Amino acid sequence: MSMATHQALHNDDILYCIFSQLDTDRFDYRRDDPHHSERARRGALARGARVCKAFRDIALPVLWAHLHNLVPFFRLLPTCVIVQETYLGLMVSKKCIYALSNGSVPQEKITRLRYYGALIRVVAWNNRATPDTPGYHDYIQDPSLTQLRLLIGEAPSNPILPNLDTLSWKLTSTQEPSSLSILMSPKLKTLRIDSVYDMGEWQTFLEQLLVVSLPIAPGLEHLSINCTAYYSELRLSPEITCPISKLVLLRSLTLSFPTHETWNEIRSDIMLNTLQMLAPLQRLERLQFRPGHIVSGSMVAASSSPGDPLFPNLQQLQLHQIRCGPPTRALFEALRTPSLRRLEASFEYRNSAELKEAFATMACCFPNLQSLSSIFSYNDEGGLFEIEDDLRSPLAEVISPLLAVRSMEMLVILSEIRPRHTVGDADLNAISAAWPHLRNLDLAGFPSPPSLYGGGGIGMASSAAFAIRCHDLQRLSLSSLNMKSLNTSRALTDDEYPRTDNPLRSFKIRELYGTEGDCVRCGRALDRLFPHLNVVENVTSFTPSGSVDTTTAYAQWRSSHALRYKLFSTILAYQNARN
């Protein structure tokens with residue numbers, strides 16, 4: 001007896017809704033099963049495609065839409081072979097390197113290859129995947145791209161991946177700069193190029209690769225070029241910036257070339273000249289600029305009206321290795337825009353006045369700034385490697401010009417090993433008064449000035465005022481907290497330490513001043529101020545492990561973590577009693 005197919009299975013929209021549930025993009029990689037579920041999903045799609053033509057036409061596009069790499073695509077060719085196979089770790093992860101061998105390929109195989117190539121939308125690894133996922137380490141050797149070009153012939157108007165939207169490629173060879181262009185498509189929107197190794201001819205190779213490949217994708221919106229080799233000799237030359245400047249639809253640009261050179265060799269005026277070359281990118285919204293070496297000899301700044309911002313729509317800016325001074329002022333003034341919301345920068349300074357001037361320039365050029373993450377690095381040219389406590393200046397004095405920017409929601413400042421500034425009660429009060437909508441504050445790298453109660457650290461009264469003013473706070477990280485400042489002569493009052501509904505979840509303290517007896521009263525006060533604090537993670541991280549069995553080891557643990565363990569376990573006890 002024959003059974004009639006359900007009418008719903010004749011509807012392509014319904015079939016797509018069913019098979020799209022197996023899309024690996026929707027798969028949440030969980031710790032208990034990081035790779036088998038993905039394999040099961042792909043296997044179900046493959047089996048569904050074999051049922052009938054109606055299922056095939058819907059399941060195959062879902063199965064091939066997102067590839068981690070091009071290994072499955074190249075394996076469609078009979079000449080694709082494994083040239084190297086190794087096991088990683090404890091024989092739980094395997095890496096296979098594939099290449100195309102010499103030999104002819106029937107035309108029907110080329111036609112089949114083009115059919116599947118038209119289904120591919122994304123070639124990029126899922127960031128949620130783990131190294132244990134099958135195929136994580138597999139890749140195709142770069143020379144195989146050139147061999148593929150020879151197989152399918154030169155056809156710029158007929159790309160092998162005509163519908164490709166996103167491409168992430170790791171360069172492993174500098175033999176043929178035009179090899180990547182075979183994967184490029186006019187529909188490409190996102191391109192990420194990574195250099196895993198410090199290749200000898202990387203400079204010339206990258207220049208030629210960009211000149212050949214970028215014109216194929218004029219509609220590119222996101223471009224990222226990363227060289228992960230720390231001792232790379234890559235230089236940001238006009239041959240690199242010129243083809244990038246022609247991508248006028250670009251919205252996100254990352255140029256990251258790490259270098260081991262000193263700060264003095266990377267000048268802000270040369271950095272500005274390089275950014276002026278990219279002035280045609282008027283739609284740019286996100287810029288991450290880590291130039292490493294810069295070649296400025298033949299650079300000619302693009303024409304722009306005086307006073308106009310280089311990138312008027314810029315919202316996120318990340319700059320590395322900036323030395324405070326007049327060139328940095330000119331750099332920020334050229335990037336001046338009210339649209340900037342997030343800034344990440346690393347500064348080198350010679351004195352506090354120079355650093356304060358940099359913050360004043362930031363406040364003037366970016367009046368609507370909401371997030372600032374920066375790193376301070378002191379210039380030791382004068383030989384002053386150490387600094388006395390009484391010579392350190394309050395951080396609030398340095399960042400005082402920035403306090404006028406009322407839109408600030410996140411402030412993260414990392415200091416050098418020997419910080420030249422302190423964070424005390426006055427600094428915390430100034431920050432909370434200026435930025436009531438602060439959500440994230442991290443100043444853990446700065447010590448606190450000496451306290452009247454002995455030791456150092458932020459006082460409990462300042463912590464209470466901070467909790468009341470910054471009612472949107474979610475993350476707080478400070479160097480120290482002075483529990484002795486809590487008055488032990490009378491009970492806690494609602495006026496001093498009210499029961500707030502502050503949403504703070506993460507509270508990190510490096511050092512505590514006080515005794516275990518102070519932890520009880522301080523924990524009760526903090527529970528009033530921050531009732532939603534997540535302390536379970538803090539308590540478990542400070543718990544002595546089973547290896548702490550010797551007297552010396554336990555003494556070391558007790559001196560560094562015992563007070564914090566006592567404080568957070570007290571807060572947890574109050575939370576349990578309250579709930």
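**Reading cysteines, helices and strands**

Modeller: The structure holds zero disulfides, a disulfide being a pair of cysteine sulfur atoms within 2.5 Å. This is a predicted model, in which local features need pLDDT of at least 70 and side-chain atom pairs count only at pLDDT 80 or more, while totals for chains, interfaces and linings use all residues. Residues are numbered from 1 along each chain as its sequence is written, and side-chain values use heavy atoms, with hydrogens and water left out.

Biologist: Is Cys522 buried or exposed?

Modeller: Buried means under 20% relative accessible area, exposed over 50%, and partly exposed in between, with a 1.4 Å probe and protein chains only. Cys522 is buried, at 0%, whereas Cys364 is partly exposed, at 48%.

Biologist: What describes two packed helices?

Modeller: They are described by the angle between their axes and the distance between the axes. Here the axes of helix α13 (residues 425-434) and helix α14 (residues 460-469) come within 9 Å and cross at roughly 10°; axes are lines fitted to C-alpha atoms, for helices over the stretch in contact, with angles from 0 to 180 degrees between N-to-C directions. Helices (H or I, at least four residues) and strands (E, at least two) are DSSP runs, numbered from the N terminus.

Biologist: Which strand pairs with β6 over six bridges?

Modeller: Strand β7 (residues 190-195) does, in the parallel sense; two strands pair if DSSP finds at least two bridges between them. In β7, Arg192 is the bridge partner of Ser168.
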